[in-house]
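Subject: A structure for you to explore

Hello,

Here is the structure I promised you. Please open it next to this email and follow along as you read.

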Amino acid sequence: DPSRALEVTLALLVISCPCALSLAVPTAITVAHGALAKLGVLANDADALASLAEATDIVFDKTGTLGSGRPTLARVEAFGGFDVEDVLAIASALERDSLHPIARAFEGQDAGLGAVDVEEHPGQGIAGTVEGRGWRLGRAEFAAGRADDGALWLGDGAEAAARFVLEEPPRADAAAAIAGLRGQGIDVHLSSGDAAGPVTAFADRLGIDRAASRQSPEDKLAGVRTLQAGGRVVAMVGDGLNDAPVLAGADVSIAIGSGAALAHRAASLVLTAPSLLRIPAAVALARRTRSIVRQNLAWALGYNLVAIPLAAAGLVTPWVAALGMALSSLIVTVNALRLARIPAA
């Protein structure tokens, strides 16, 4: 009927407008990022939520991440004519400006000593000059030329001046966060630069079956690459300068808010809230976002597949087409807004 040509054409153009389809993904992502911020997690990467939803494995650093970040000195031994006060003062001077959590064990014990030419050696320790003498603080072979025993040593690289035994309890919510992640079907790993004994005991305390000790930054990255080569989607959680390479190399990464700025820049997400329970909550939100996006796309595509043939057949008037287009967009938006109702952890 030529008299209806304009009406049918107009209805077809209105009803085929891809408004709902164009809103399906960005609306859900926008709402999800707002919900993520309420959880205390900030996104640095636009694809972080999508990758987090697909994560099959999550690798945690130990010190300052699963650990409380407040190590304490359990035992101090001094050698070579030094007394305990002397070695504590030297170690404190070396660690004064360090961002590593171990530095907190030596706070306030420098006795006015100053350190110059301080240099961090990732995975080994820290070196510098105190009162005109070069010192190293770190692993036994690095600091004192001795076999690694899991303790922290002070020396000049050949001779030992002190041995420090540190203790760091896990965060209060670490066990609950790990249980939550395992309940979501995610395999949990621990990768630490500490010695085998403390790492194994720490992992057993939190119920982690897969723990690797004495891991350098390169070793941590290699471990993640191995998982990825097996088809796994790996999330990494860390806080220090040593973690920056593996944070950048993981499929998705989370930096602890109190950690180093370089770790924040390398990570996909930054945990600004102090609770580790935000991590399983973020995973749940990411998976929910993926589901909402799929629902929105299915609705938008289904609506167009059904409505366009009806409009082309002349069974839809322009005002009905306009109403259908508006309702379709509204449904997609309201469905995305459901993400905002996810409670904070």
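Let's begin with a term: two strands pair if DSSP finds at least two bridges between them. Helices (H or I, at least four residues) and strands (E, at least two) are DSSP runs, numbered from the N terminus. The model is predicted, so local features need pLDDT of at least 70 and side-chain atom pairs count only at pLDDT 80 or more, while totals for chains, interfaces and linings use all residues. Residues are numbered from 1 along each chain as its sequence is written, and side-chain values use heavy atoms, with hydrogens and water left out.

Six strands make an open sheet with antiparallel pairing, in the order 3-8-7-6-5-4. Strand 3 (72-78) and strand 4 (115-121) are at its edges with a single partner strand each, so one side of each has no neighbour in the sheet. From one strand to the next, the twist averages 15°. Helix 5 (residues 84-95) packs on this sheet and touches strand 3, strand 4, strand 5 (125-130), strand 6, strand 7 and strand 8. Contact means heavy atoms within 4.5 Å. The direction of helix 5 makes about 105° with that of strand 5; axes are lines fitted to C-alpha atoms, for helices over the stretch in contact, and angles run from 0 to 180 degrees between N-to-C directions.

Now look at strand 7 (residues 152-155). Are its faces covered or open? Both are covered: Leu152 and Leu154 on one side, and Trp153 and Gly155 on the other, are all buried. Buried means under 20% relative accessible area, exposed over 50%, and partly exposed in between (1.4 Å probe, protein chains only).

Strand 7 pairs with strand 6 (residues 133-138) in the antiparallel sense over three bridges. There, Leu137 has Leu154 as its bridge partner, and Gly138 stands opposite Trp153. Strand 7 also runs antiparallel to strand 8 (residues 160-167), joined by four bridges, and Leu152 has Phe164 of strand 8 as its bridge partner. The hairpin of strand 7 and strand 8 has four residues between the strands, and Gly157 there takes a positive phi near 105°.

**The mixed sheet**

Another open sheet has seven strands in the order 1-13-12-11-2-9-10, with mixed pairing. Strand 1 and strand 10 (210-212) are the edge strands, each pairing on one side only. Strand 11 (residues 234-238) and strand 12 (residues 252-256) pair in the parallel sense over four bridges, and Met236 has Ser253 in strand 12 as its bridge partner.

**Helix 2**

Buried residues of helix 2 include Ala24, Ala28, Val31 and Ala35. Their helix is covered at its buried residues by elements including strand 1 (41-43), helix 3 (48-54) and helix 12 (278-312). After helix 2 comes Gly40, with a positive phi near 90°.

Finally, find Asn304 in helix 12. Asn304 counts as buried because its relative accessibility is 13%.

Enjoy exploring!
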